[in-house]
Amino acid sequence: MIYEIKIYGAQELRQISTEVEEITEEIKEILENMVETMHDIKGIGLAAPQVGINKRMFVIDIGDGHIRKIINPKIEYLGEMYEAEEGCLSVPGIYRGIKRYEKAVLTYTDENGKIVVEEGDELLGRAFQHEFDHLEGILYVDKISPVSKRLIAKKLKSLEKNS
Ligand code: CO
């Protein structure tokens with residue numbers, strides 16, 4: 001099942017999501033639907049709040065042959081910060097450079113209930129940080145420079161109006 005993506009302005013994107021207490025069949029189904037939705041719109045990551053579900057989980061597929069289903073993640077940041085261009089399925093049509101840490105270590109539960117510790121750099125490291133932020137109600141456009149922000153202010157306003 002393909003979910004509808006919540007767009008900038010939707011209140012679900014601004015909430016702090018709550019922990020998944022038990023990995024039920026329903027949770028597994030939601031994760032599967034999220035993967036399907038992410039593939040359908042050719043995204044590399046999708047967090048539950050983006051489909052209106054404020055639970056601490058997200059899916060990532062950066063094309064390395066490993067589809068990650070991530071539940072209740074904890075994050076640790078490593079290294080220096082550097083800027084790279086990002087986009088977000090909930091902020092369509094906008095791509096901007098933002099600073100993130102070189103690496104991130106995620107400790108999470110997978111869909112089988114196994115605890116996984118994974119370090120990611122480059123694209124995966126960014127995806128970890130970007131998707132984790134969604135669980136805290138943070139969007140990448142919150143982190144862009146003030147100048148950049150002024151340049152996209154109009155676009156954001158119009159997304160907000162239509163959300
Ligand atoms: Co996003």
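A residue counts as buried under 20% relative accessible area, exposed over 50%, and partly exposed in between (1.4 Å probe, protein chains only). By that rule Tyr8 is buried, because its relative accessible area is 13%. This is a predicted model, so local features need pLDDT of at least 70 and side-chain atom pairs count only at pLDDT 80 or more, while totals for chains, interfaces and linings use all residues. Residues are numbered from 1 along each chain as its sequence is written, and side-chain values use heavy atoms, with hydrogens and water left out.

**Cobalt site**

- The protein donors of the cobalt ion are Cys88 (SG), His130 (NE2) and His134 (NE2), at 2.1 to 2.3 Å from it.
- Donors are N, O and S atoms within 2.8 Å of the metal (3.2 Å for Na, K and Ca); water is not among the atoms, so sites may look incomplete.
- Along the chain, the donors follow the spacing C-x41-H-x3-H.
- His130 and His134 sit 4 residues apart in helix α2 (residues 122-135), so about one helical turn separates them.
- Both His130 and His134 are buried.
- Helices (H or I, at least four residues) and strands (E, at least two) are DSSP runs, numbered from the N terminus.

**Largest pocket**

- A pocket is an open set of points on a 1 Å grid over the protein atoms alone, where a 1.4 Å probe fits, with protein on both sides within 12 Å along at least five of seven lines; lining residues have an atom within 4 Å of a point.
- The largest pocket has a volume of about 350 Å³, taken as the space filled by probe spheres set on the points.
- It has 21 lining residues, and the closest to its centre are Ile44, Glu86, Gly87, Cys88 and His130.
- β3 (68-86) and α2 are the elements that give two or more residues to the lining.
- α2 gives the most, with 6 residues.

**Helix α3**

- Helix α3 (residues 146-162) has 17 residues, so at 1.5 Å a residue it should span 24 Å; its end C-alpha atoms are 24 Å apart, which agrees.
- The expected span is 1.5 Å times one less than the number of residues.
- Ser148, Ile152, Leu156 and Leu159 of α3 are buried.

- Tyr8 lies in the segment before α1 (25-40).
- Tyr8 and Glu160 are 152 residues apart in sequence, yet 5.6 Å apart in space, C-alpha to C-alpha.
- Lys42 is not glycine, but its phi is positive, near 55°.
- Lys42 is exposed, because its relative accessibility is 73%.
- Asn72, in strand β3, has a positive phi near 45°.
- Asn72 is buried, because its relative accessibility is 15%.
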